Amino acid sequence: MSFADFELMNGLVGDRNEVPVTLGTVQTTGLLDTGSMISSVSESFYNEYLSRNHTLLPLSDLISVTGAGGQNVSFLGYVEVPISFPYHTCGVELKQDVLLLVVKDTNYNQKVPVVVGTN
(Lines give C-alpha, C1' and ligand atoms only; values in the text may rest on other atoms or scores of the structure.)
Protein backbone atom coordinates (compact mmCIF):
# COMPACT_ATOMS: atom_id res chain seq x y z
CA MET A 1 0.00 0.00 0.00
CA SER A 2 1.44 3.37 -0.97
CA PHE A 3 1.42 6.41 1.27
CA ALA A 4 -1.32 7.96 -0.90
CA ASP A 5 -3.45 4.81 -0.49
CA PHE A 6 -2.84 4.89 3.25
CA GLU A 7 -3.92 8.55 3.44
CA LEU A 8 -7.02 7.80 1.37
CA MET A 9 -8.02 4.91 3.66
CA ASN A 10 -7.53 7.08 6.76
CA GLY A 11 -9.82 9.70 5.21
CA LEU A 12 -12.52 7.16 4.31
CA VAL A 13 -12.49 4.71 7.21
CA GLY A 14 -12.31 5.70 10.87
CA ASP A 15 -11.63 3.65 13.95
CA ARG A 16 -14.34 1.44 15.38
CA ASN A 17 -16.41 3.21 17.98
CA GLU A 18 -15.73 0.66 20.72
CA VAL A 19 -15.98 1.92 24.30
CA PRO A 20 -15.96 0.56 27.84
CA VAL A 21 -19.48 -0.16 29.08
CA THR A 22 -20.84 -1.67 32.29
CA LEU A 23 -23.84 -4.00 32.18
CA GLY A 24 -25.16 -4.54 35.67
CA THR A 25 -21.86 -4.83 37.55
CA VAL A 26 -19.75 -6.30 34.74
CA GLN A 27 -17.46 -4.08 32.67
CA THR A 28 -16.92 -5.06 29.04
CA THR A 29 -16.51 -3.50 25.62
CA GLY A 30 -19.42 -2.17 23.59
CA LEU A 31 -19.88 -0.80 20.10
CA LEU A 32 -21.64 2.58 20.03
CA ASP A 33 -23.60 2.20 16.81
CA THR A 34 -25.70 5.24 16.00
CA GLY A 35 -26.88 3.47 12.85
CA SER A 36 -28.42 0.62 14.84
CA MET A 37 -32.04 0.77 15.94
CA ILE A 38 -31.51 -1.93 18.59
CA SER A 39 -29.15 -2.60 21.45
CA SER A 40 -27.96 -6.15 21.96
CA VAL A 41 -25.79 -8.47 24.00
CA SER A 42 -24.25 -11.77 22.91
CA GLU A 43 -25.78 -15.02 24.07
CA SER A 44 -22.56 -16.24 25.71
CA PHE A 45 -22.08 -12.95 27.64
CA TYR A 46 -25.69 -13.15 28.82
CA ASN A 47 -25.27 -16.76 29.92
CA GLU A 48 -22.01 -16.14 31.75
CA TYR A 49 -22.66 -12.78 33.44
CA LEU A 50 -26.32 -11.76 33.33
CA SER A 51 -28.55 -14.84 33.39
CA ARG A 52 -28.50 -15.26 37.19
CA ASN A 53 -29.96 -11.79 37.85
CA HIS A 54 -31.74 -10.86 34.62
CA THR A 55 -34.52 -13.04 33.26
CA LEU A 56 -34.61 -13.64 29.51
CA LEU A 57 -38.02 -12.48 28.29
CA PRO A 58 -39.58 -13.77 25.07
CA LEU A 59 -40.60 -11.61 22.14
CA SER A 60 -42.52 -14.34 20.34
CA ASP A 61 -43.15 -13.15 16.79
CA LEU A 62 -43.42 -9.45 17.65
CA ILE A 63 -40.35 -8.30 15.72
CA SER A 64 -37.80 -9.43 13.21
CA VAL A 65 -34.30 -7.97 13.06
CA THR A 66 -32.33 -7.45 9.87
CA GLY A 67 -28.57 -6.82 9.90
CA ALA A 68 -26.73 -4.20 7.87
CA GLY A 69 -26.05 -6.77 5.13
CA GLY A 70 -29.73 -7.68 4.82
CA GLN A 71 -29.41 -10.95 6.76
CA ASN A 72 -31.81 -12.01 9.51
CA VAL A 73 -30.41 -11.61 13.02
CA SER A 74 -31.33 -14.50 15.31
CA PHE A 75 -32.18 -13.63 18.90
CA LEU A 76 -33.40 -15.51 21.94
CA GLY A 77 -35.42 -12.77 23.63
CA TYR A 78 -34.56 -9.66 25.60
CA VAL A 79 -33.42 -8.56 29.04
CA GLU A 80 -33.62 -5.32 30.98
CA VAL A 81 -30.21 -4.40 32.36
CA PRO A 82 -28.71 -1.28 33.92
CA ILE A 83 -26.03 0.15 31.64
CA SER A 84 -23.44 2.80 32.34
CA PHE A 85 -20.45 4.37 30.64
CA PRO A 86 -17.35 5.99 32.10
CA TYR A 87 -17.51 9.77 32.38
CA HIS A 88 -14.83 10.22 29.69
CA THR A 89 -16.99 8.31 27.17
CA CYS A 90 -20.16 10.40 27.25
CA GLY A 91 -19.25 13.44 29.36
CA VAL A 92 -21.79 12.76 32.12
CA GLU A 93 -22.35 10.21 34.84
CA LEU A 94 -25.11 8.08 33.38
CA LYS A 95 -26.73 4.83 34.50
CA GLN A 96 -29.95 3.74 32.86
CA ASP A 97 -31.98 0.56 32.49
CA VAL A 98 -32.08 -0.54 28.85
CA LEU A 99 -33.69 -3.36 26.91
CA LEU A 100 -31.14 -5.56 25.16
CA LEU A 101 -31.85 -8.24 22.60
CA VAL A 102 -29.91 -11.39 23.41
CA VAL A 103 -28.46 -12.36 20.04
CA LYS A 104 -26.71 -15.50 18.85
CA ASP A 105 -22.94 -15.50 19.13
CA THR A 106 -20.82 -14.28 16.22
CA ASN A 107 -17.07 -13.91 15.77
CA TYR A 108 -17.33 -10.16 16.43
CA ASN A 109 -19.63 -10.23 19.46
CA GLN A 110 -17.36 -12.76 21.14
CA LYS A 111 -14.82 -9.89 21.38
CA VAL A 112 -17.29 -6.99 21.67
CA PRO A 113 -20.43 -8.45 23.27
CA VAL A 114 -22.58 -5.32 23.44
CA VAL A 115 -24.02 -3.10 20.72
CA VAL A 116 -25.56 0.15 21.93
CA GLY A 117 -27.97 1.47 19.32
CA THR A 118 -30.22 4.51 19.16
CA ASN A 119 -33.20 2.90 20.86
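This report covers a nonpolar core, a salt bridge and one histidine in a predicted model.

Residues are numbered from 1 along each chain as its sequence is written. Local features need pLDDT of at least 70, side-chain atom pairs count only at pLDDT 80 or more, totals for chains, interfaces and linings use all residues, and side-chain values use heavy atoms, with hydrogens and water left out.

Start with the core. In soluble globular proteins, nonpolar side chains tend to be buried together. Here the largest nonpolar core has 16 residues. Such a core is a set of buried Ala, Val, Leu, Ile, Met, Phe, Trp, Tyr and Cys residues joined through side-chain atoms within 4.5 Å. Buried means under 20% relative accessible area, exposed over 50%, partly exposed in between (1.4 Å probe, protein chains only). Leu23, Val41 and Leu50 have the most contacts inside the core. S4 gives the most residues to it, four. Helices (H or I, at least four residues) and strands (E, at least two) are DSSP runs, numbered from the N terminus.

These elements each supply at least two core residues:

| Element | Residues |
|---|---|
| Strand S1 | 18-23 |
| Strand S4 | 75-85 |
| Strand S6 | 114-116 |

Next, the charged pair. Glu43 and Lys104 form a salt bridge, 3.8 Å from N to O. The rule asks for a side-chain nitrogen of Lys or Arg within 4 Å of a carboxyl oxygen of Asp or Glu. The count is one. Glu43 is in helix H2 and Lys104 in the loop between S5 and H4, 61 residues apart. Lys104 is partly exposed, at 39% relative accessible area.

Last, His54. This residue sits in the loop between H2 and S4. His54 is buried, at 16% relative accessibility.
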